[in-house]
Amino acid sequence: MSASISVASEQSSTPGTPMADDEMDLENLNVQGLRRPGEEITREDEIKKLRTGGSMTQNHSEVARVRNLSTIILGEHIIEPWYFSPYPIELTEEDEIYICDFTLSYFGSRKQFERFRQKCSMKHPPGNEIYRDSKVSFWEIDGRKQRTWCRNLCLLSKLFLDHKTLYYDVDPFLFYIMTIKSDQGHHVVGYFSKEKESADGYNVACILTLPCYQKKGYGKLLIQFSYMLSNVEHKVGSPEKPLSDLGLLSYRAYWTDTLIKLLVERNSPSLYRKNNPHPVEDSDSESSRHSTPAAGRQGSSSEITIEDISAITCMTTTDILHTLTTLQILRYYKGQHIIVITDQIMAMYDSLVKKVKDKKKHELNPALLKWTPPMFTASQLRFGW
């Protein structure tokens, strides 16, 4: 879907024009995905499904919130799980279980855990480090090559996700792990998984920031990184639906920040030059050139199409329209769609810029990504021992 949009600086505009033939139907955008009205299932059947199933969607109203573990100790963090996870049944009888924050192996007693740690030399996830800056690193892990580690990760993440998650069949997925570094090594902060081949064009299958690191901006970094990978692949992407409640909030916040920055700087190139002191031309990185919102290098024209925005941000047109509609800045006026940049939008832009300048908001640098999209044969995409 493509529509010409004029980025106009107005405080308010409430045209009463009836919907024309070329006007987009914004009422029926389906970003979150459809859910079927609940098919009844007994508690026993649901527990069995949870324990034996791989990828699955739970019954939100009943068993999704049944917890089988009371406390986990992950490194220096003591965490209370939120949901069910199919750990071995003998562990559910323990008051607390210990999880190694490097291997993600699990133990029912402190003595077992300490004995394991004395012998374990692993200090980071078992994959290729493809990004590192002053704050975080990202690692790429193939579920086929590192089944045990990836299954342990899925077991851990299932404790904090109330919707679908994969557990057993990790072969068709790549995992991108975000870590922070300490004297002990690289500690897992969060991750997202991605299908090696997605028929629906999803760039994220499952995404999670561990509870002990939430509300610190790491979720937006995970989302930004997923779009950085899509940019290198020259694709647009969107997360698999349905999203968890926290996931949807994080994506909405990221989409909002991205579009506000792009549109305001597109409409005012002087703001682009002022708030982006190192122009994109300083870097030879092709991905960096493509990823940076291109307000400055595309001139002062305020004409832009939805597909232009999609090409710059790697967001789908549906996600863009959903976000513009949520912000209530997409209007239909005199036969064309316009985006009205209100005082509220400018205030949100100023707040965003201030957070970056005050170092309260960390942003990834596409120039630091060292990654080539992996290629797989048909046999490598199948599950097998």
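Which strand pairs with strand 7 in the antiparallel sense over six bridges? The partner is strand 8 (residues 173-181), where two strands are taken to pair if DSSP finds at least two bridges between them. The model is predicted, so that local features need pLDDT of at least 70 and side-chain atom pairs count only at pLDDT 80 or more, while totals for chains, interfaces and linings use all residues. Residues are numbered from 1 along each chain as its sequence is written, and side-chain values use heavy atoms, with hydrogens and water left out.

Helices (H or I, at least four residues) and strands (E, at least two) are DSSP runs, numbered from the N terminus. Strand 7 covers residues 137-142, and six of its six residues are buried, a term that stands for under 20% relative accessible area, with exposed meaning over 50% and partly exposed lying in between (1.4 Å probe, protein chains only). In a regular strand the side chains alternate between the two faces of the sheet. In strand 7 both faces are covered, with Ser 137, Trp 139 and Ile 141 buried on one side and Phe 138, Glu 140 and Asp 142 buried on the other.

Strand 6 (residues 128-132) is joined to strand 7 by four bridges in an antiparallel arrangement, and the two strands form a hairpin with four residues between them. Within this pairing, Arg 132 has Ser 137 of strand 7 as its bridge partner. Towards strand 8, Asp 142 stands opposite Leu 174.

## Salt bridges

The structure holds ten salt bridges, each defined as a side-chain nitrogen of Lys or Arg within 4 Å of a carboxyl oxygen of Asp or Glu. Three of these pairs are set out below.

| Pair | N to O distance |
|---|---|
| Glu 114 and Arg 110 | 2.9 Å |
| Asp 142 and Lys 196 | 2.7 Å |
| Glu 233 and Lys 194 | 2.8 Å |

The side chains of Asp 142 and Lys 196 meet in a salt bridge. This pair links distant parts of the chain, with Asp 142 in strand 7 and Lys 196 in the loop between strand 9 (186-195) and strand 10 (202-204), 54 residues apart. Both Asp 142 and Lys 196 are buried.

The side chains of Glu 233 and Lys 194 also meet in a salt bridge. Because Glu 233 lies in the loop between helix 4 and strand 12 (238-239) and Lys 194 in strand 9, the pair ties together parts that are 39 residues apart in sequence. Glu 233 counts as partly exposed at 21% relative accessibility, whereas Lys 194 counts as buried at 6%. Salt bridges that share partners also join Arg 144, Arg 147 and Asp 171 into one network.

Glu 114 and Arg 110 both lie in helix 2 (residues 110-119), where they are four residues apart, about one turn of the helix. Glu 114 is partly exposed at 37% relative accessibility, and Arg 110 is partly exposed with a relative accessible area of 48%.

## Other strands and a buried loop residue

An open sheet of four strands has the order 3-2-4-5, with mixed pairing. Strand 3 and strand 5 (106-107) stand at its edges, each with a single partner strand, so one side of each is left without a neighbour in the sheet. Strand 4 and strand 5 pair in the antiparallel sense over two bridges, and Tyr 98 stands opposite Phe 107 in strand 5.

Strand 15 (residues 336-341) is largely enclosed by the rest of the structure, because five of its six residues are buried. Strand 14 (residues 330-333) runs antiparallel to strand 15 and is joined to it by four bridges, with Tyr 332 opposite His 337. These two strands form a hairpin with two residues between them, and Lys 334 in the turn has a positive phi of about 50 degrees.

Leu 210 is placed in the loop between strand 11 (206-209) and helix 4 (218-232), and it is buried, with a relative accessible area of 4%. The C-alpha atoms of Leu 210 and Val 188 are separated by 8.2 Å, the two residues being 22 apart along the chain.
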